[in-house]
Amino acid sequence: MTRNPCWRAIPTELSVEQFEHFVLPHLDNGRGRRGPPPSLSLHKIFNYVLQALHMGYQWKMLPISRNANGLPEIHYTRIYRTFRRWHAAGCMDAIFAGSVSRLHDDKLLDLTIIHGDGTTTAAKKGGDNLGYSGHKHLKGDKVVALCDRHCNVIAPFVAAAGNRNESPLLRDALPRLSQIVRAIGMDLQGTIVSLDDVYDCRANRKAIFNRGMVPNIPANPRGRKTSKRGRKRRFDPAIFEERFRTIERVFAWEDKFRRLLLRFERISDVHYAFKTLAYTMINLRHYC
């Protein structure tokens, strides 16, 4: 029985052909004009990074292959420095944007409805951009992500400390959504944005309407004993129920990458670079 293309397995390793097609055009090789050529290909280094993301290894515990002399073919610090250089050069964001563009070219995106939600990651150690969430009873950070009806992440997530309210973060995520959609040549006029009642406020609805989209947000009573007076907001329960098969499924797929289950990085940019790479692999499941 052929599996639905939307639910194919998430790749954790890329072949040479897949790497050259989806990743290599967006990478900075970092080679200078002088010096010997590198002894290890970018493809192998990138797969080492994916292995650290998937299995949750510490950098020094990466299972590095041996060369003909019985020595490790590369030191783990070189893998880490290469990963940090790629992130500083914007390569991780470029790879993610390239995956969204490829999905659009192959007509695998369905932007009639966009689902959004936030998720919180607990931090094992200290670091920047952390806060204590009284609702989750943990210290960590949170992100807000947006996906289409086929569980494809279409917008770079917005990150904040764990004690921040998710509702204002949506207004930071919408400009990024519009930017990446314009880059791939699509239009969001008439698109329905499905969110939960945390995002129910006038500012969020206005921000969605101003971009030509339609909000589908349930009313938040906020402790009222009687319903709020005035015209009832537009809300379709069937569209809202679809969120649990889309954005919640994306967050479940994210847990496949053990590096993201707990945040060990003290530098938030490293953690977010891993998360961007995980969302890219979720988008590339159609091709790998």
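A charge is counted as sitting over a ring if NZ of Lys or CZ of Arg is within 6 Å of the ring centre and within 35 degrees of the ring normal. The views below show a predicted model, in which local features need pLDDT of at least 70 and side-chain atom pairs count only at pLDDT 80 or more, while totals for chains, interfaces and linings use all residues. Residues are numbered from 1 along each chain as its sequence is written, and side-chain values use heavy atoms, with hydrogens and water left out.

**View 1. A charge over a ring, R243 and F244.** R243 lies over the face of F244, at 5.6 Å from the ring centre.

**View 2. The largest nonpolar core.** A nonpolar core is a set of buried Ala, Val, Leu, Ile, Met, Phe, Trp, Tyr and Cys residues joined through side-chain atoms within 4.5 Å, where buried means under 20% relative accessible area, exposed over 50% and partly exposed in between (1.4 Å probe, protein chains only). The largest such core holds 75 residues, of which F46, I79, L177 and Y279 touch the most other members. Helix 9 (residues 268–283) gives the largest share of this core, 9 residues; helices (H or I, at least four residues) and strands (E, at least two) are DSSP runs, numbered from the N terminus.

View 3. F46 is found in helix 2 (residues 42–55) and is buried, with a relative accessible area of 0%. With neighbours within four places in sequence left aside, F46 is in contact (heavy atoms within 4.5 Å) with L14, F19, V23, W86, I95 and L277.

**View 4. Aromatic pairs.** Rings of Phe, Tyr and Trp (its six-membered ring) pair if their centres lie within 6.5 Å, and planes under 30 degrees apart count as stacked, over 60 as edge-to-face and the rest as tilted. By this rule there are 9 aromatic pairs. F22 and Y287 form a tilted one, 5.2 Å centre to centre with 40 degrees between the planes, and this pair links F22 in helix 1 (residues 16–22) to Y287 in the segment after helix 9, 265 residues apart. Ring pairs also link W59, Y80, F83 and F274 into a cluster.

**View 5. Strand 1 and its partners.** Strand 1 (residues 113–122) is mostly covered, with 9 of its 10 residues buried. Two strands pair if DSSP finds at least two bridges between them; strand 1 runs antiparallel to strand 3 (residues 138–147) over 8 bridges, and D117 stands opposite A145 in strand 3. Strand 1 also pairs with strand 5 (residues 192–194) in the parallel sense over 3 bridges, where I192 is the bridge partner of I113.
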